[in-house]
Amino acid sequence: MHFCTAFFMSIKQIRNNLSEWHRTIDRKLPWKEDRNPYKIWVSEIILQQTRVAQGIPYYLAFLLKFPTLKHLAEANLEEVITQWEGLGYYSRARNLHKGANYIMETHNGVFPKEYEEILLIPGIGPYTAAAISSFAFDGMHAVVDGNVNRVLSRMFNIDEDLSKHIGKKKIKKLSQDLLEIAGNPASFNQAIMDFGATVCTPKPKCEICPMTKQCVAKKLERTLELPQKKTKPKLRKRWFHYLVYNQNGKSYIVKRVNKDIWKDLFEFPMQECSEIEWKKLEGVKLSQKLSHQHIHACFTEVKKMPIKYKTGQKVDWKNISSYSFPRLIRDYIGQR
DNA sequence: AATACGGGGAC
DNA sequence: GTCCCAGTATT
C-alpha cells in the first residue's frame, strides 16, 4: 500500500538522519564509560525527572560510596538517603536500596538480563527497564521518556494526550518500529534522547534539525503545540511551624515517616498550621517551592520543648549535619 | 485515569 | 512567573 511504503521510507530516513546526527555530537557522560548494569541502573534512577547536569555529581558520589551492587545492598537505608540529600524524589533512594537487596535474594546478586525480570525490580518501570536492557545488554527495547514523546509526537503529528493509554501505545509502537529498523538499540536509544535534549527541545531548534523534511508538525507549523500539554495540578500552600530546641548544645530532630513529602528525612519538631496562625509567629521565616507545593516555614528557637513536641531524638548540635534533611531545613541550619 | 512525589535550570 | 526534566508507585 502506498501509505505504508511512504511511512516506512520516512521511518528509514529518520533513522539514517538521526544516527548521522548523533555521530557528530555524542555527549560524553560518566555512565557511558562501561556497560556495567549496576552503574547504568544507578544513573537511570538518578536521571528520572532530573536534568543531566544536576545528576552528574550525585552519580559520581553515589558510586564512590557504593561501588558495587553488594555494597549498596549491605548499606543502611540511612546512608543511602544521605547520599540522596538535596536531589528530591526520595523514594528513588529507598527503592534503589530495596532493589539491591531484591537482586541479591532473587538473582543471587547478578543483575538480571531480561527486560521482564528487570521490570520487576522496585523503582524500575517501562522506561528504566528498556534503558538498562538496551544499554547494558543490547536488548531490543525502545525507551520512551519525555524526549522521545516530544520528538515522535512532532515527527508524526501525534495529537493524543500522551499520559493516556492510546497516546502511549502510539508512541511506543513508533519508537519500537524505529528501533527495530535501526538495529542497534543502545546507540539508537541514546541518539533519540540526546536529540530530544539538544535539538527537538520544548522550544525546538528547527533551524539546525536534520529531519525537518520528515517532521509533520514542522510542515503544519504545530511544533509548539506538541506534545499535548497535560493540565497541571493546582499549587498547594502549606504553613509549617518548627520548634528548634537549643539547650546545652542539644536539639531535637524527628524523622518524617508519613506518606508525604520528604519521607525518611529529618526535621525539627513541627506543627502544620493555617496561614493566619503562621503570620503571627515569631522566628526565622524561610520558604521552599516544590513542583506542586509551596512550603512556608517559621523556625522558633526554644529553651524548653513542650511535652507534645518531645518526639524524635535528642542530638548534639555539632553532629546535626550528619543527618539527612530536606533543602529547607538544611538551609536554615546553614544560616543559623 | 489521576495524583503524589523535590529540586533546579532555562526562559 | 512558567515549563519540564533519561518516571514510578499508588490510589
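This is a predicted model: local features need pLDDT of at least 70, side-chain atom pairs count only at pLDDT 80 or more; totals for chains, interfaces and linings use all residues.
Rolling a probe the size of a water molecule over the atoms shows where empty space is left. In the present model, two cavities of 30 Å³ or more were counted. The largest cavity holds about 90 Å³ of space. Its lining is made up of 14 residues, of which Cys200, Pro204, Cys206, Cys209 and Cys215 are the closest to the centre. Sorted by class, the residues that line the largest cavity comprise nine nonpolar, two polar and three charged.

The second largest cavity contains about 60 Å³ of space. The residues Leu77, Glu78, Ile81, Lys255, Asp264, Phe266 and Ser324 form its lining. Helix α5, which spans residues 77-84, contributes the most to this lining, with three residues. In the lining of the second largest cavity, three residues are nonpolar, one is polar and three are charged.

The surface near DNA strand B was examined next. A total of 22 residues lie around DNA strand B, and Ile261, Trp262, Ser291, Gln293 and Arg327 come nearest. The residues of this surface divide by class into seven nonpolar, ten polar and five charged. On the DNA side, sugar or phosphate accounts for 57% of the atoms of DNA strand B that lie within 4 Å of the protein, and bases account for the rest.

Individual polar contacts reach both phosphate and base atoms of DNA strand B. For Trp262, a backbone N or O atom is found 2.6 Å from a phosphate oxygen of DNA strand B. Leu87 contacts a base instead, with a polar backbone atom 3.4 Å from a base nitrogen of DNA strand B.

Within the protein, Asn189 was considered in more detail. This residue is part of helix α11, which covers residues 185-198. Asn189 has a relative accessible area of 1%, and because this value is under 20%, the residue counts as buried. When residues up to four places away in sequence are left out, Asn189 touches Ala130, Ser134, Phe135, His141, Ala142, Val143 and Leu179. With Val143 there is also a polar contact, in which a polar side-chain atom of Asn189 lies 3.2 Å from the backbone nitrogen of Val143.

Notes
Residues are numbered from 1 along each chain as its sequence is written. Chains are lettered from A and ligands numbered from 1 in the order in which they are written. Side-chain values use heavy atoms; hydrogens and water are left out. On a 1 Å grid over the protein atoms alone, a cavity is a set of points where a 1.4 Å probe fits but cannot get out, and a pocket is an open set with protein on both sides within 12 Å along at least five of seven lines; lining residues have an atom within 4 Å of a point. Grid points are joined across faces, edges and corners, and a volume is the space filled by probe spheres set on the points. Ala, Val, Leu, Ile, Met, Phe, Trp, Tyr, Cys and Pro count as nonpolar, Asp, Glu, Lys and Arg as charged, and the others, Gly among them, as polar. Helices (H or I, at least four residues) and strands (E, at least two) are DSSP runs, numbered from the N terminus. A residue is near a molecule or strand if one of its heavy atoms lies within 4 Å of it. A polar contact is a pair of N or O atoms within 3.5 Å; within protein, one must be able to donate a hydrogen and the other to accept it, and residues adjacent in sequence count only if both atoms are side-chain atoms. Buried means under 20% relative accessible area, exposed over 50%, partly exposed in between (1.4 Å probe, protein chains only). Contact means heavy atoms within 4.5 Å.
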